[in-house]
Every structure is written in C-alpha cells, then in structure tokens.
Amino acid sequence: MAFRLFSFRRTRFAAGAMARGIVVAAVAAGIGWGGALYAANQSVQGAKKTEDAGFDGDAPTAILIEASSGSVLFEKNADELRAPSSMMKLMTAEVVFNAIKKGDIKLTDEYRISENAWRRGGAPSGGSTMFAAINSKVSVDDLLHGAIIQSGNDACIALAEAMAGNEKIFASDFMTKRARELGMTKSTFGNSNGLPDPGNKMTVRELGVLARHIILDFPEFYKLFGEKEYTWNKIRQFNRNPLLNSMEGADGLKTGYTKEGGYGMVGSAVQNGTRLIVVVNGLEDHEDRATEAKKMLEWGFRNFETRTLIAAEQPVGYAKVFGGESRSVKLVAKTPVKVMVHKNGSDKLIARVVYSGPVRAPVEAGQQVGVVRVWRSGNIAVETPVYAAEAIGTGSTVRRAIDGASELVIGMFRAGAEKL
C-alpha cells in the first residue's frame with residue numbers, strides 16, 4: 001500500500017518546549033502521493049553532506065548521532081556501502097550478546113580454537129589476534145574480551161564455528177538475519193571478523209544504528225568496549241580505540257582497517273549527560289580517523305542540545321481509517337519525541353507522520369500505526385513510532401461500502417495521474 005503523510009499546521013509549540021525560531025512545518029495534506037513519497041525518499045538519502053551543519057569533515061563517509069533519540073546531527077554519504085573492516089565485529093558481538101540474553105549460550109561455555117581459527121585469525125595470520133592457542137578451549141566471556149578489546153579475528157572465528165558450524169553459515173544465518181531484525185536492510189556479511197571478503201558491506205548509518213542498539217540494549221556488555229587492555233596467553237594488548245585516552249567521556253566502540261575499506265572507526269562519548277555516536281570510514285591514515293572522529297564529537301557537544309518536540313501521549317496527528325466507525329484515528333507517541341537542535345535556535349524542522357494506509361478497522365488502542373519523522377536541513381533527524389490513541393471499531397456495511405468506493409476512485413485518479 002502507498003504511504004500517506006499527515007501534516008501539521010505551521011505551529012509554534014508551547015512556551016519552553018522549543019527554542020525561539022524553531023517551528024514545525026509540514027506539507028499540506030493534499031500533496032500528491034508521488035510527491036509525498038519523493039520528498040520522503042529524498043530526505044532519507046540526504047544530501048551528499050549536511051549542507052548547513054557548520055561542519056565539513058574529511059572522511060568520505062560519516063555520521064554523528066545522539067544516542068538517546070537517534071537524532072542525526074551530521075551525515076555525509078551515510079548510505080554508501082563500504083567494507084566495514086573490523087568494525088563489523090560489532091555485528092558478531094551483538095549476535096553473541098543476543099544469544100546470551102535469550103539463554104541460548106552462557107558466558108561460561110567453552111569453545112575450541114580450531115586449526116582454521118588459529119591459522120586464519122590467530123598468531124600465524126599476521127592480523128589482529130587474541131593469541132588463543134590451537135585446540136585450546138576458551139570461554140565465551142574470554143572470547144568476547146578478545147574480540148572486542150584485542151580485535152581478535154581468532155576469537156570471532158571460534159565464536160562463529162561453535163554457534164553455527166562454520167563462518168559462512170554464521171555470516172548468513174546469524175549475522176545477516178539478525179541485522180534485518182534490527183532494521184539494517186543494506187548490510188551484508190561474508191565472515192565474522194571483517195577480513196577482506198566481497199560479501200562484507202555496511203554503511204556508516206547502519207553501523208551507527210548497530211552501535212546505538214548495543215549501547216541501549218546491552219549496557220552490561222557495552223562496558224567491555226571501554227576496557228583499555230586485556231591479557232590472554234600471557235600476552236598483554238591494549239584497546240585500539242584512540243578516543244579512550246584522548247577524549248573526555250569516551251568509552252567505545254571499535255576501529256577497523258582493510259586496504260579495500262580504508263581506516264574507519266565507530267566511537268562514542270558522554271558529556272554532561274548527552275551521549276553521541278560517531279562513525280567514519282574510508283580515510284587513508286589511522287591518525288586521520290582519530291582526528292576526524294574526535295573533531296566531530298567535539299563539534300556535536302559544543303553546538304547542540306536536546307529539546308522536546310512532542311510530549312509523550314500528546315496527539316501527533318490522525319490517520320485515515322478504512323471501514324471503521326470513525327473515519328480517522330488519533331495518533332500519539334508513547335515516549336517524548338526529542339531532537340537535537342543547534343543551541344543558537346536557528347533550526348527549522350519539518351515533521352510528518354508516515355503510515356501505510358488507510359488503516360483497516362478494527363484498530364486497537366496502542367496499535368502501532370506508523371512513525372513520526374522529523375527532518376532537519378533535508379535530512380532525517382529522528383524517527384519515532386506512533387500508536388493509535390483509541391480503539392476504532394468496525395463500521396456499518398454502508399460505511400465500509402462508502403470507504404471502498406472512495407478508495408476505488410482515489411486509486412483510479414492516481415493511476416490516471418501516473419500515466420500523464
């Protein structure tokens with residue numbers, strides 16, 4: 001079904017809700033369906049870089065996100081697929097975290113280091129490794145430390161082989177499947193560790209989504225990313241994340257490098273109660289990635305603050321209902337819709353409710369109907385689910401017939417317009 005956009009009237013929020021000069025504007029409700037979809041899709045992709053963000057980074061692909069709301073503060077080629085290198089280990093870690101949370105595996109389970117894991121990811125490989133001994137048994141807890149702190153390729157391979165039988169199955173049936181469940185539609189995986197493979201492709205946007213999910217949903221495991229060193233097999237190694245020692249509040253996440261992908265990193269820091277997530281990729285020097293990530297985080301902390309756009313349970317808009325006792329249903333967000341805005345109050349925001357409709361009756365109270373998307377400077381700043389505020393029962397036979405005829409006419413009109 002097509003997407004409809006419900007628009008707000010141009011309005012100024014209650015005193016104190018928004019900085020002066022920030023308004024929520026919208027496209028008129030009568031906008032053509034094709035035009036509405038085009039506008040939304042253009043905003044999703046965004047410009048090559050945020051045009052009026054006041055920041056011009058050197059990274060070929062980059063994104064800066066406020067963790068709590070998911071608000072995007074800056075993006076540049078954020079949907080371009082690139083080799084994620086060792087940053088891809090975040091996906092392997094998430095699969096393991098989720099399996100532990102579900103009770104499928106335990107931290108105390110021990111997995112064998114196969115010859116394959118040892119040769120391709122261990123000491124003989126010449127790459128990043130936790131130096132696990134061949135045929136030794138290592139606990140899931142220690143393997144996670146090795147994969148996250150030491151960026152051990154052998155640790156990732158051992159986890160993949162134990163959980164799925166081999167890396168290929170783990171990449172397709174565990175990593176890719178889980179990525180889709182998390183809404184990461186573009187990411188593909190050919191192995192568990194990010195070593196060169198044509199199947200390894202991710203965008204900085206989806207790396208940011210993944211990092212945010214780990215931070216918010218697995219706080220007990222996220223602390224591993226902030227540990228500065230780990231010793232295994234009597235070999236002491238330091239965390240490769242340069243931000244841990246160079247920036248206040250930095251506590252994660254992961255660096256990466258391959259010849260194909262260049263230098264990249266996913267980083268996060270907290271200052272004054274606000275957490276930001278940065279992702280950069282495609283740089284030519286390891287010092288540049290550290291400089292870029294730190295510069296972007298500092299710019300975000302310096303220039304933005306969080307404001308509440310819509311309070312929890314405040315009416316957001318209405319969705320059209322098909323065959324119901326009422327022709328529309330009021331929509332609300334269960335949590336406050338917050339967005340990061342420039343401290344100088346110069347932002348102009350556009351908010352739209354996007355849903356697949358008309359919504360067929362009956363509609364249950366609390367049923368998710370769509371999302372409210374907020375654009376800032378042509379790029380999506382935040383997206384929050386919206387729900388039916390009330391139940392709408394099935395309407396009479398006459399009501400359903402009228403709605404059916406109305407949709408038929410609209411469909412014919414739309415089909416005719418598309419032929420022009």
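Visitor: What makes two rings a pair here?
Guide: Rings of Phe, Tyr and Trp, the last taken by its six-membered ring, pair if their centres lie within 6.5 Å. The model is a predicted one. The cut-off for the centres is thus 6.5 Å.

Visitor: Which residues form one aromatic cluster with Phe74?
Guide: The cluster is made of aromatic residues, and Phe74 is one of its members.

Visitor: How many aromatic pairs does the structure hold?
Guide: A pair of aromatic rings is described by the distance of the centres and the angle of the planes. The number of aromatic pairs in the structure is eight.

Visitor: Is the pair of Phe97 and Phe218 stacked or tilted?
Guide: The two ring centres are 5.6 Å apart. Planes under 30 degrees apart count as stacked and over 60 as edge-to-face. The planes of Phe97 and Phe218 stand at 50°, so this pair is tilted.

Visitor: How many residues apart in sequence are the parts tied together by Phe97 and Phe218?
Guide: Phe97 belongs to helix 2 (residues 89–102). Phe218 sits in the loop between helix 7 (204–217) and helix 8 (219–222). The pair therefore ties together parts whose separation in sequence is 121 residues.

Visitor: Is Phe221 buried or exposed?
Guide: Buried means under 20% relative accessible area. For Phe221 the relative accessible area is 9%, so the residue is buried.

Visitor: Which residue lies over the face of Phe218?
Guide: A charge sits over a ring if, among other conditions, NZ of Lys is within 6 Å of the ring centre. At 5.3 Å from the ring centre of Phe218, the residue over its face is Lys101.

Methods: Residues are numbered from 1 along each chain as its sequence is written. This is a predicted model: local features need pLDDT of at least 70, side-chain atom pairs count only at pLDDT 80 or more; totals for chains, interfaces and linings use all residues. Side-chain values use heavy atoms; hydrogens and water are left out. Helices (H or I, at least four residues) and strands (E, at least two) are DSSP runs, numbered from the N terminus. Buried means under 20% relative accessible area, exposed over 50%, partly exposed in between (1.4 Å probe, protein chains only). A charge sits over a ring if NZ of Lys or CZ of Arg is within 6 Å of the ring centre and within 35 degrees of the ring normal.
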